[in-house]
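Here are some friendly notes to read beside the model. Have the sequence and the 3D view open as you go through the points.

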Amino acid sequence: MRFQGSSGYVATDDLRVAVNAAVTLEKPLLVKGEPGTGKTALALEIARSFGAPLLEWHVKSTTKAVHGLYEYDAVARLRDGQLGDPRVNDIANYIRKGPLWTAFEAAERPILLIDEIDKADIEFPNDLLRELDRMEFSVHETGETISARARPIVIITSNNEKELPDAFLRRCFFHYIRFPDPDTMAAIVETHFPRLKKRLLSEALSLFYEVREVPGVRKKPSTSELLDWLKLLLVEEIPPEALRDKDPRKAIPPMHGALLKNEQDVQLFERLAFMARRGGR
């Protein structure tokens, strides 16, 4: 199996190489990059490309590694015992399979997405080392051992919010998705808006990258926010000329709420507009 990207997902050459290398080495692919650069969508595209089922494990700050294996609901068993439910005699009735268990039992080789691993506690990645290495784990409550039928293709994403342990990194193939350059971004936009006029695309991309490069911007707009912005420009029928307006009173981009996501950045552009007005007098 070789990942080549798709008409709906623009994969750079180095990203395709990284995916295929991880598959060949049978190592988890650790993907980092700015939010909105397509890390999570990559797993979906790999699944589509290989015709494989996709299992998703979205990590939260409260997520523990054991949640990926299974969860034992002791409270439900106690309640059923008080009610005289005969199911309490079989503890397996109260064990809920996690995404790793489901992946290990899949009839065909699945794609397993462990999304935003850096949200969890620092010990979370280390707690997964044995299971990802050996592709098996024990269920303490029943004494059974669960082994993978076929090693799943594991995609792990991180927004780089915290450092991951070295022991974990050694077991992964790493790829950093750089923010798309204008040519790559144009190709991404065209997959979503194939009928977008070239002039509007050119002006929108130019303004988008200018916004990202303004000194002091706290939250740079991402690819997904660019797509939202373009959709609004089309719905509101905003012409290309409005994106290149020289009027200093219009220094803030039209429909800027799709690009600027906090009050500090909005205030920054308002100050820039005020300074431009004063300089134009």
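1. Let us begin with burial: a residue is buried under 20% relative accessible area, exposed over 50%, and partly exposed in between, using a 1.4 Å probe and protein chains only. At 1% relative accessibility, Phe-137 counts as buried. Tyr-70 is buried as well, because its relative accessible area is 6%.

2. A word on the ground rules. This is a predicted model, in which local features need pLDDT of at least 70 and side-chain atom pairs count only at pLDDT 80 or more, while totals for chains, interfaces and linings use all residues. Residues are numbered from 1 along each chain as its sequence is written, and side-chain values use heavy atoms, with hydrogens and water left out.

3. Next, the rings. Rings of Phe, Tyr and Trp (for Trp, the six-membered ring) pair if their centres lie within 6.5 Å; planes under 30 degrees apart are called stacked, over 60 edge-to-face, and the rest tilted. The structure holds eight aromatic pairs. One of them joins Trp-57 and Phe-124 edge-to-face, with 5.4 Å centre to centre and 65 degrees between the planes. This pair links distant parts of the chain, since Trp-57 lies in strand β2 (residues 54–58) and Phe-124 in helix α6 (residues 123–127), 67 residues apart. Helices here are DSSP runs of H or I with at least four residues, strands are runs of E with at least two, and both are numbered from the N terminus. Both Trp-57 and Phe-124 are buried.

4. Tyr-70 and Phe-137 make a stacked pair, 6.4 Å centre to centre and with 20 degrees between the planes. It too links distant parts of the chain: Tyr-70 is in strand β3 (residues 70–72) and Phe-137 in strand β6 (residues 136–139), 67 residues apart. Ring pairs link Tyr-70, Trp-101, Phe-104 and Phe-137 into a cluster.

5. How enclosed is strand β5 (residues 111–115)? Five of its five residues are buried, so β5 is largely enclosed by the rest of the structure. Both faces are covered, with Ile-111, Leu-113 and Asp-115 buried on one side and Leu-112 and Ile-114 buried on the other.

6. Now the neighbours of β5. Two strands pair if DSSP finds at least two bridges between them. Strands β2 and β5 run parallel and are joined by five bridges; Leu-54 stands opposite Ile-111, and Leu-55 stands opposite Leu-112. With strand β8 (residues 153–158), β5 pairs in the parallel sense over four bridges, and Ile-114 stands opposite Ile-156 there.

7. Helix α2 (residues 39–50) has 12 residues, which at 1.5 Å a residue should span 16 Å; its end C-alpha atoms are 17 Å apart, which agrees. The expected span is 1.5 Å times one less than the number of residues. Its buried residues are Lys-39, Leu-42, Ala-43, Glu-45, Ile-46, Ala-47 and Phe-50. What covers them includes α1 (13–25), β1 (29–33), β2, β5, β8 and β9 (173–177), where contact means heavy atoms within 4.5 Å. Gly-51 follows α2 and has a positive phi, near 65 degrees.

8. Finally, the interior. A nonpolar core is a set of buried Ala, Val, Leu, Ile, Met, Phe, Trp, Tyr and Cys residues joined through side-chain atoms within 4.5 Å. The largest has 30 residues, and those with the most contacts inside it are Met-185, Val-189, Phe-208, Leu-226, Trp-229, Leu-230 and Leu-243. The elements giving two or more residues to this core are α9 (182–192), α10 (198–213), α11 (223–235) and α13 (263–279); the largest share, eight residues, comes from α10. Leu-226 touches Met-185, Val-189, Leu-205, Phe-208 and Leu-259, leaving aside residues up to four places away in sequence. A second, separate core of 29 residues includes Ile-114, Leu-128, Leu-132 and Leu-164.
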